[in-house]
Amino acid sequence: MKPIIRSLIIYCVPSLLIFGNSAVWARDDPRFAVNQVHRDPHGFTIQTAAGTVRIEVCGERVIHVLASPTSEIKTSKVPIVTQSCSATNFQVRLGKKEVRLSTTAIVVSMDTATGALSFFSKDGRPVLSEPNEGGKTFDTPSVFEAKTWQVQQTFLSPADEALYGLGQHQEGIFDLRGVPVRLSQANTNISIPFLLSSKGYGILWNNASLTDFNPADQSVAIDPNTGKGKFTTGVKGVYGFVLSGNNKDQLLLRVNAQNVIDLENTWTPTSASGFVELDANTEYEVSALGGKGNVQLAVRPPADTTTFRSEVGAAVDYYFFYGPALDRVVSDYRSLTGEAQLFPKWAYGYWQCRERYHNQQEILETAAQFRKRKIPVDVLVQDWLYWGKYGWNALKFDEQHYPQPKDMVDQLHANDLHLVISVWSKFGENTDVYKRMAAKSLLIPGGDAWMDFFNPQARTTFWLELRNGIFQDGIDGWWMDASEPEYDALHGNQTFLGDGDSLRNAYPLFVTQAIYEGQRATTDRKRVVILTRSAFAGQQRYAAASWSGDISANWITLRRQIPAGLSFGMSGMPYWTTDVGGFFRPKDQYTSNAYHELLIRWFEYGAFCPIFRVHGYQSRAEIWNYGPQVEGILRQYDELRYRLLPYVYTSAWRVTQYGDTLMRGLPLAFSSDVGARNVSDQFMFGSALLVSPVTVEGAKERTLYLPAGHDWIDFWTGKRVRGGQRISAAAPLDSIPIYAMVGSIIPFGPNAESTSTKADPIELRIYPGATADFTLYEDEGDNYDYEHGAYSEIPMHWDDKSGLLTIGQRRGNFPGMLQHKTFHAVIVKDGRGTGIASSSEPDATIQYTGKVTSARIRSGSRKRI
């Protein structure tokens, strides 16, 4: 084996060639001279007279790439990545045409004639490549906003590739290959520059400025009076469109009378995306609606490339992750950017939210009604305006309506309920808190009274206002609303870290950092819970969940929430939810049968979201307000969520401990299954349950895909079905198709009204047909002692051939742990061990004291051990 080369002298290395206002890495340059490859413990750097490229090894499967048009590489001021690239074994070799870096898992090759990078698996399989020319460009002309955007990176994208992630968007698009997407934060639109590929890799684009993914550079003129225009295609293929406008409730595009973009909501982002297949060399008429005289339409012709282009940036800066399993990519991404925090157990129960509770009495009466009706619930949410006479977001209760807030919260706690409260990041200018923040220059100048959370002092001061105020009342969680910030408040303004345009998408990361670090420094007895309307890369480390914003109550919006949430999860973010039932609801919501069907279907879906939360504008959103039929069905799914809590909480532990994702899109869960690649309306909930929501009005059945490589068992009937096929499944109004993977153990707890109920006895449903393993996780539920080992794990193993169930030695302990547990084992089969209710005749009952216990089970044997 050749020794590792520390420094290399080469004559043909990448250099910069200037074309007008654009600088690109190019093939031939008369300025080529003696240049060096500098090898160091973390990678290598190539310098030329016109620029620099650096390759860092951040792990055996993670590579950091930086490129600058100068001799200096300036990195981002936004701390997306929290772990520095640690030393790992790698080799750097110089060949006649390439510099090659190898780890134990991947190979990175740089063409010394063009500067193009290529990534390979260890066995030489191509994974990702830059084009030979134009892969990295600087100061690139743009048709949107700034005349030139400072950094751009392009990769080749083969026709059979699918791409996922980039946050949460509302157009209903799942596979993003070839689709132009504007990454900017807005109500209902969350932008995260992390991408997953069906080819087994991920890309983190390390830039927080306004970013165009697959930029659309061909402008289409739109007549401001008619909203119409024309454009002519080149080659035949799929054309992508970006429509921008200033009309907040509508973005519509038709191409030859075909809907390409149809985004309608009381709030919409300033841009939306769409695509359509068009013929070659043909003139098409377009019709666009999105604002009065301010519509901007751009098109991207077909191209086998993937591009990131950012408005502000001193260097091309990205991280490459290789799986090839996409679960591994997400796990490595979290290792680099911060592991997701474990919420308190109550956060995995039911959240009752509405706009709004008006006073202390309403909250306490609502809590009493839930307990009287024995409807499971753990969280009540206080929306805005509780500050009353004190002014906008004064961070205090108006005593006229909330005379004793601490007593109110104490009463909720006494009934095993928790209070989450709405807090904004801006203040009314008449509030005392605004005056204090302004006096310390902690607000964004010209930013409409938004906190400058980029300033460490602002983060600390904001938390101190909460700590010395409503946190002392016993508040359990924080609803950080409008954290984009709303109305693009950073654009054109300066912040503590510099130009707001360079930080434009990162604001929510710093908002959640302020709350998380502040509360963690205050106490370790109460886990941090944040619900926030926006997110950025790395935010999972700050105990933050996001929701999909102020969306409307209609079927197409419900349908689009599924790919929106799955895309968010495939952007590395594990915790997400929607306003179940829609935020903007019809005026006749309490009596409309049509709306009741929509609410039921949405609630059925919401029961399997990582956070289970209902919400509605100017609504009494409690489930008993919609009549007995609706209440009955919603209660069933609420009860199912609570019965599944041992499974849910264990799955959440795996999110924190192993980088799992609780709600996984099928391409993430089954990355080698080509048949799962385009399935955007189903997902895995935890490791075992396949959920297929119903999103079509009047549906009594739905078609779904059962992933290959496994058989599946119908949750409702126990019938076993072969995987790798599409089937039609029954879906009456009170049921959505749910399948359990053969070879699974799923623990069901007892019926409960809150998560504080001890999980005993536990029903172990065994889905036979393959060997199964499950490790049950338990802890105290709401403090950080688990970080110091105060938890237990109980391993379980099902040997399918012998019918032997083994419950292994308990590992660990914690205060309040049940020393003795009862497990009822049920072998699920056709017509038995199914649905929500507990089985009346378990196949075995095991009294468990923490020692290894085994039972050989045949269905119907009814053993006691």
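Colleague: Where is T188 found?
Modeller: T188 is in the loop between β16 (181-183) and β17. Keep in mind that this is a predicted model.

Colleague: What is the phi of T188, roughly?
Modeller: Near 80°. That is a positive value, and T188 is not a glycine. Most residues other than glycine have a negative phi.

Colleague: And is T188 buried or exposed?
Modeller: Buried. The relative accessibility of T188 is 3%, so it falls under the 20% cut-off for buried.

Colleague: What about Y487, what is its phi?
Modeller: Phi of Y487 is near 65°, again positive in a residue other than glycine. Y487 sits in the loop between β33 (477-480) and β34 (494-495).

Colleague: Is Y487 buried or exposed?
Modeller: Exposed, at 62% relative accessibility.

Colleague: Let's do peptide bonds. Which kind joins G323 and P324?
Modeller: A cis bond, with omega about 0°. P324 lies in the loop between β29 and α1.

Colleague: And what about the bond from E355 to R356?
Modeller: That peptide bond is cis as well, with omega near 0°. R356 is in the loop between β30 (350-353) and α2. Most peptide bonds are trans.

Colleague: New topic: the open sheet. In what order do its four strands come?
Modeller: The order is β21-β26-β23-β24, and the pairing is antiparallel.

Colleague: Which strands stand at the edges?
Modeller: β21 (228-232) and β24 (258-264). Each has a single partner strand, so one side of each has no neighbour in the sheet. Neighbouring strands here are turned by 15° against each other on average, direction ignored.

Colleague: How many bridges join β23 to β26?
Modeller: Four. β23 covers residues 250-255, β26 covers residues 283-289, and they run antiparallel. V255 has V286 as its bridge partner in β26. L253 stands opposite A288 in β26.

Colleague: And how many join β23 to β24?
Modeller: Six, and those two strands also run antiparallel. Q250 has E264 as its bridge partner in β24. β23 and β24 form a hairpin with two residues between the strands, where N256 takes a positive phi near 50°.

Colleague: How many residues of β23 are buried?
Modeller: Five of its six, so β23 is mostly covered.

Colleague: On to rings. How many aromatic pairs are there?
Modeller: The count comes to 61. One of them is F155 with Y318. Their centres are 5.1 Å apart and the planes are at 90°, which is edge-to-face.

Colleague: Which strands hold F155 and Y318?
Modeller: F155 is in β14 (residues 148-156) and Y318 is in β29 (residues 316-322). So the pair ties together parts that are 163 residues apart in sequence. F155 and Y318 are both buried.

Colleague: How far apart are the ring centres of F194 and Y333?
Modeller: 4.2 Å, with the planes at 25°. The cut-off for stacked is under 30 degrees, so this pair counts as stacked. F194 lies in strand β17 (residues 190-197), while Y333 lies in helix α1 (residues 326-337). The pair therefore links parts 139 residues apart in sequence. F194 is buried at 0% relative accessibility. Y333 is buried too, with a relative accessible area of 0%.

Colleague: Which residues form one aromatic cluster?
Modeller: F343, Y348, Y575, Y649, W653, Y777, Y784, Y786 and Y791. The charged end of K345 sits over the ring of Y649, 5.6 Å from its centre.

Colleague: And which ring does R613 sit over?
Modeller: The ring of W547. The charged end of R613 is 5.2 Å from the ring centre.

Colleague: Helices now. At what angle do α2 and α3 cross?
Modeller: Roughly 5°, with their axes coming within 10 Å. That makes α2 roughly parallel to α3. Q360, I363, L364 and A367 in α2 meet P405, M408, Q411 and L412 in α3.

Colleague: Last one: where is A553 found?
Modeller: In the loop between β37 (544-547) and α7 (555-569). A553 counts as buried, at 19% relative accessibility.

Colleague: How far is the C-alpha atom of A553 from that of L598?
Modeller: 7.8 Å, although the two are 45 residues apart along the chain. Leaving aside neighbours within four places in sequence, A553 has contacts that include L598, Y595 and W602.

Definitions and conventions. Residues are numbered from 1 along each chain as its sequence is written. This is a predicted model: local features need pLDDT of at least 70, side-chain atom pairs count only at pLDDT 80 or more; totals for chains, interfaces and linings use all residues. Side-chain values use heavy atoms; hydrogens and water are left out. Two strands pair if DSSP finds at least two bridges between them. Axes are lines fitted to C-alpha atoms, for helices over the stretch in contact, and angles run from 0 to 180 degrees between N-to-C directions. Rings of Phe, Tyr and Trp (its six-membered ring) pair if their centres lie within 6.5 Å; planes under 30 degrees apart count as stacked, over 60 as edge-to-face and the rest as tilted. Buried means under 20% relative accessible area, exposed over 50%, partly exposed in between (1.4 Å probe, protein chains only). A charge sits over a ring if NZ of Lys or CZ of Arg is within 6 Å of the ring centre and within 35 degrees of the ring normal. Contact means heavy atoms within 4.5 Å. Angles under 35 degrees count as roughly parallel, over 145 as roughly antiparallel, 65 to 115 as roughly perpendicular and the rest as oblique.
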